[in-house]
Amino acid sequence: MLLHDTALIYGRYLRQSLRSRFALLFGVLMPLLYLLFFGPLLTDLPLGGRGDSWQVLVPGLLLQLALFGASFAGFMIILEKGQGIVDRMRVTPVSRLALLLGRVLREATVFVFQAVLLVLAALAMGLRAPLPGILIGFGFVALLTVALAALSYALAMKVSTPQQFGPTINALTMPCMLLSGLMLPMTLGPAWLDVLSHLMPFRYLVDAVRDAYVGQYATPHMLYGSLVAAGFATLAVTVGTRVFRTAGA
């Protein structure tokens, strides 16, 4: 029943996304702008890591796509609460876990699709990366999206207005972006900043995807990144499900 209920919720929200093709393409606009206008500035610069500038920048942009996109997914719940959709779902026998999983899997599908578009654009601009590494990157995007979307939906269930939700998400995502080395490796900064960045879970995901993009799969970065991504997604879904149950969603 859990799989059946999840498939029902997933299909409902995926159909909504497919009807809004403009939103699908617009969601990848910001990473594309970074790719087009920031990427060429890094060409031939010593970035202190393996691979060229594209193999450093593109993994960061992929995870940036998931970070900012999935973090704001909860806006939909706030709108649905105002329209009474959440109340109508409350009286159905659908599993609360399915209500969450269907939504977050839709988010993962959308952002992996956008990640494919981003990588295709990067390949046209000069990115060279092994296919297994590119696929591993998509896997990390999916896991990060599941984790952040689950937490975003959980937060949205706790607040009542977009004015409360938006500033909270901005206050959380900006430090994550700045301290995870999404744009440039943190090793380029002072030692204290590099040490501080290791307290940010996203740092391990970024390092893992960058290793994958240069064909390095059996590295400590890959191990730590995989463990952090899987653990973070499991924890986030657990927290999100508990909030959905207690909030009566």
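Predicted model: local features only at pLDDT ≥ 70, side-chain atom pairs only at ≥ 80, totals over all residues.
**Entry on helix 4 and helix 7**

I began with helix 4, which covers residues 53–71, and helix 7, which covers residues 96–125, and I found that they pack at an angle of about 155° with their axes 10 Å apart. Angles over 145 degrees count as roughly antiparallel, and helix 4 and helix 7 are therefore roughly antiparallel to each other. I also noted that the crossing of these two helices is right-handed.

Next I looked up which residues meet there: on the side of helix 4 I listed Trp54, Val58, Leu61, Leu62, Leu65, Gly69 and Ala70, and on the side of helix 7 I listed Phe111, Gln114, Ala115, Leu118, Val119, Ala122 and Met125. When I sorted the residues of this contact by class, I had 12 nonpolar and two polar ones, with no charged residue.

**Entry on helix 11 and helix 12**

I then turned to helix 11, residues 201–213, and to helix 12, residues 220–246, whose axes come within 8 Å of each other and cross at roughly 130°. Helix 11 and helix 12 are therefore oblique to each other, and I wrote down their crossing as left-handed.

In this contact, helix 11 brings Pro201, Phe202, Tyr204, Leu205, Asp207, Ala208, Asp211 and Ala212, which meet His221, Met222, Tyr224, Gly225, Val228, Ala229 and Phe232 of helix 12. The residues here divide into 11 nonpolar, two polar and two charged.

**Entry on Phe232**

I stayed with Phe232, which lies in helix 12, and asked myself which residues Phe232 is in contact with once its neighbours within four places in sequence are left aside. I found Leu144, Ala147, Leu148, Leu151 and Phe202. I also looked up Ile136, which is 96 residues from Phe232 in sequence, while the two C-alpha atoms are 17 Å apart in space.

**Entry on the largest pocket**

For the largest pocket I noted about 690 Å³ of space and a lining of 26 residues, among which Ala23, Ala73, Met76, Arg106 and Glu107 lie nearest the centre. I wanted to know which helices each supply at least two residues of this lining, and I wrote down helix 1 (2–18), helix 2 (21–26), helix 3 (29–37), helix 4, helix 5 (75–83) and helix 7. Helix 4 and helix 7 were already in my notes as a packed pair.

**Entry on the cavities**

How many cavities of 30 Å³ or more are there? I counted two, and the largest cavity holds about 40 Å³ of space. The residues that line this largest cavity are Leu63, Leu67, Leu144, Cys176, Ser180, Leu182, Phe202 and Val206, and the elements that give two or more residues to the lining are helix 4 and helix 11. I sorted the lining into seven nonpolar residues and one polar residue, with none charged.

Looking back over my entries, I saw that Leu144 and Phe202 line the largest cavity and are also among the residues in contact with Phe232.

Definitions and conventions
Residues numbered from 1 in each chain as written. Heavy atoms only, no water. Axes fitted to C-alpha atoms, helices over the stretch in contact; angles between N-to-C directions. Helix = DSSP H or I, 4+ residues; strand = E, 2+ residues; numbered from the N terminus. Parallel < 35°, antiparallel > 145°, perpendicular 65-115°, else oblique. Left-handed = near helix turned anticlockwise from the far one by under 90°. Contact = heavy atoms within 4.5 Å. Nonpolar A, V, L, I, M, F, W, Y, C, P; charged D, E, K, R; others polar. 1 Å grid on protein atoms, 1.4 Å probe; cavity = no way out; pocket = protein on both sides within 12 Å on 5 of 7 lines; lining within 4 Å. Points joined across faces, edges and corners; volume = space filled by probe spheres on them.
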